[in-house]
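Hi,

Here is the structure I promised to pass on. Have a look at it first, and my notes follow below.

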Amino acid sequence: MEISILLFWQILSMFLMLLMGFALVKAGLLKAGDSRVISVLLLYLALPCAILDSFQVELDGSILKGLLLALAGAVFCHGVLLLGTGLLGKVLHFTPVEKASVIYSNSSNLIIPIITAVLGPEWVVYSTAYVGVQLLLLWTHGKMLLSGQKGTDLRKILTNINLLAVFAGIFLFLTGLRLPEVVSDTLHSVGAMVAPASMFIAGMLIAGMRPEQIFKNPRAYLIVFFRMLCFPAVLLVLLGLLKTAAAGSTADVQTIFLITLLAAITPPASSVIQMSQVYGCDSEYAGVINVLSTLVCIITMPAAVFLYLM
């Protein structure tokens, strides 16, 4: 119950950050379109710093086992989301933005600061397994969805700065190498921008819309239902079964799968909004789905954690 309450307050805090971004635009200090600049800053600077910083922990056998377990959970969750969305998309005719919003969660922008606040910074490293799997899919499958481009450029994928940050973090972790303190402190400070910046972007986009665009779109509520209720319920049950099956593999199995669950049931990835902006794929609609999901997650995420821990 305590974790659920802490999670509730952390999510509420992030929603207040969204309102700050909204207020900046409504006050005339910024324009909704200015959020694209912040999107670039977030995608290519703050997020890689946060990922790299999370791997700056001492090499330990139990941590390595936990990472492998988290990786298995991440692959499993993405498999369920891709398969389920593919089947539903054919029946309900999902658009690219709708598919991406259901599949890709805010596993980096939202989960890294939430885990730091709720569980402690030493647990953030386990979230990188989900982040790494999602980044690989987001910049292949997700990019094709939102850009309309067919085929993938392996070189561009492997040289994506966020994936490079994951690879570099794993290398530093396995070799036991530590970055100089001044570099580590800088990464930590810049990485701390992830949560506020992602919420500012969503708020700025929403400020550029009319209220009826946000609350009178029945299609958006359908997507929110699948993103925040339907798939989280399925994953809650399946991860609970995996937790039981993996009992004894490591002492931290319950917390590791809790982190995986949290990463999988957040609102849609802010990267979906940012990539929609970059590729001109209905970023306003992506923002509507994001803000409605953020409102809903204040209740759904703490409830899912409570049920999981029971």
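With a relative accessible area of 61%, H93 is exposed (buried means under 20% relative accessible area, exposed over 50%, and partly exposed in between, with a 1.4 Å probe and protein chains only). Please keep in mind that this is a predicted model, where local features need pLDDT of at least 70, side-chain atom pairs count only at pLDDT 80 or more, and totals for chains, interfaces and linings use all residues. Residues are numbered from 1 along each chain as its sequence is written, and side-chain values use heavy atoms, with hydrogens and water left out.

H93 sits in the loop between α3 and α4 (helices are DSSP runs of H or I with at least four residues, strands are runs of E with at least two, and both are numbered from the N terminus). Its phi is near 55°, a positive value in a residue other than glycine. Most residues other than glycine have a negative phi.

**Aromatic rings**

How many aromatic pairs does a search of the whole structure find? The search finds 4. Rings of Phe, Tyr and Trp (its six-membered ring) pair if their centres lie within 6.5 Å; planes under 30 degrees apart count as stacked, over 60 as edge-to-face and the rest as tilted.

In one of the pairs, the ring centres of F8 and W9 are 5.3 Å apart and the planes are at 80°, so this pair is edge-to-face. F8 is partly exposed at 26% relative accessibility, and W9 is exposed at 53%.

F94 and F226 also form an edge-to-face pair, with 6.1 Å from centre to centre and 65° between the planes. F94 lies in the loop between α3 (61-92) and α4 (96-103) and F226 in helix α12 (residues 218-245), so the pair ties together parts that are 132 residues apart in sequence. Both F94 and F226 are buried. Ring pairs also link F94, F225 and F226 into a cluster.

Helix α1 (residues 2-26) packs against helix α10 (residues 194-207) at an angle of about 50°, and their axes are 7 Å apart (axes are lines fitted to C-alpha atoms, for helices over the stretch in contact, and angles run from 0 to 180 degrees between N-to-C directions). Residues that meet here include M14, L18 and F22 in α1, and M199, F200 and M204 in α10 (contact means heavy atoms within 4.5 Å).

Enjoy exploring!
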